[in-house]
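Subject: Structure handover

Hello,

Here is the structure I promised to pass on. Please have a look, then read the notes below.

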Amino acid sequence: MSGKGSGRVSIAGLTCYRPGERSRLIYRTIVHRGRKNERRSFSERDYIALLDAAHQQLGGPIVCVWDNLNTHVSAAMRQMIDARDWLHVIRLPAYAPDLNPIEGVWSHLKRSIGDLAVTGVDHLLAIIRNRLKSIQYRPDLLDGFLAHTGLTLEPDTT
């Protein structure tokens with residue numbers, strides 16, 4: 001996209017599961033407009049702010065199962081994680097999108113906007129937020145994303 005209103009939208013999200021409670025999707029978006037010295041992706045501070053917000057919203061400790069994105073494994077991120085006694089991070093294997101339920105959210109979202117013509121980045125952002133909000137109201141869909149990974153919330157009793 002070029003011209004007035006061009007840019008890109010970045011999204012970070014957490015699918016949240018707790019036995020006996022409805023599944024949740026918590027996300028943040030950032031618009032990158034291509035300005036000088038503007039970061040083109042989420043920073044460690046953006047990710048930790050998302051986790052802090054999830055902690056406030058969920059009201060308890062968090063076990064975060066994370067992929068190995070460079071900002072997830074950086075020294076700065078490790079330091080921020082270590083400063084939060086309510087946060088425990090488990091790393092996925094090096095390349096394992098099939099074990100990550102949030103990948104189902106992104107796939108579902110991309111399919112829903114694949115054929116859209118938008119007037120600019122702000123229009124795209126509005127559509128993305130609308131689609132993500134509709135996913136938030138579908139705990140059955142979020143449960144399906146977890147089921148698709150083959151992972152479960154139930155402890156292994158074997």
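Helix α1 crosses helix α3 with a right-handed sense (a crossing is right-handed if the near helix is turned clockwise from the far one by less than a right angle, left-handed if anticlockwise). Before more detail, two notes on the source. This is a predicted model, numbered from 1 along each chain as its sequence is written. Local features need pLDDT of at least 70, side-chain atom pairs count only at pLDDT 80 or more, totals for chains, interfaces and linings use all residues, and side-chain values use heavy atoms, with hydrogens and water left out.

**α1 and α3**

Two packed helices are described by the angle between their axes and the distance between the axes. Helix α1 covers residues 44-58 and helix α3 covers residues 75-82. Helices are DSSP runs of H or I with at least four residues, strands are runs of E with at least two, and both are numbered from the N terminus. The axes of α1 and α3 cross at roughly 25 degrees and come within 10 Å. Axes here are lines fitted to C-alpha atoms, for helices over the stretch in contact, and angles run from 0 to 180 degrees between N-to-C directions. That angle makes α1 roughly parallel to α3 (under 35 degrees is roughly parallel, over 145 roughly antiparallel, 65 to 115 roughly perpendicular, the rest oblique).

Which residues make the contact? From α1 they are E44, R45, Y47 and I48; from α3 they are A76, M77, M80 and I81. Contact means heavy atoms within 4.5 Å. The contact of α1 with α3 has 6 nonpolar residues, no polar ones and 2 charged. Nonpolar covers Ala, Val, Leu, Ile, Met, Phe, Trp, Tyr, Cys and Pro; charged covers Asp, Glu, Lys and Arg; the others, Gly among them, are polar.

D46 also lies in α1. D46 is partly exposed, at 28% relative accessible area (buried is under 20%, exposed over 50%, partly exposed in between, with a 1.4 Å probe and protein chains only). Leaving out residues up to four places away in sequence, D46 touches I30 and S41. D46 and T29 are 17 residues apart in sequence, and their C-alpha atoms are 9.7 Å apart.

T71 sits in helix α2, residues 70-73. T71 is buried, at 6%. Beyond its neighbours within four places in sequence, T71 contacts R39, F42, E44, Y47 and M77.

**α4 and α6**

Helix α4 (residues 101-113) packs against helix α6 (residues 139-149) at about 120 degrees. Their axes are 8 Å apart. That makes α4 oblique to α6. The crossing of α4 and α6 is right-handed. P101, G104, V105 and H108 of α4 meet L141, L142, F145, L146 and T149 of α6. The α4 and α6 contact has 6 nonpolar residues, 3 polar and no charged.

N100 is in the loop between β4 (87-91) and α4. Is N100 buried or exposed? N100 counts as buried, at 10%. Not counting residues up to four places away in sequence, N100 touches D67, L92 and T149.

**Cysteines**

How many disulfides does the whole structure hold? The search finds 0, a disulfide being a pair of cysteine sulfur atoms within 2.5 Å. For C16, the nearest cysteine sulfur is that of C64, 8.9 Å away. That distance is too far for a bond. C16 is buried at 11%. C64 is buried at 4%.

Best wishes
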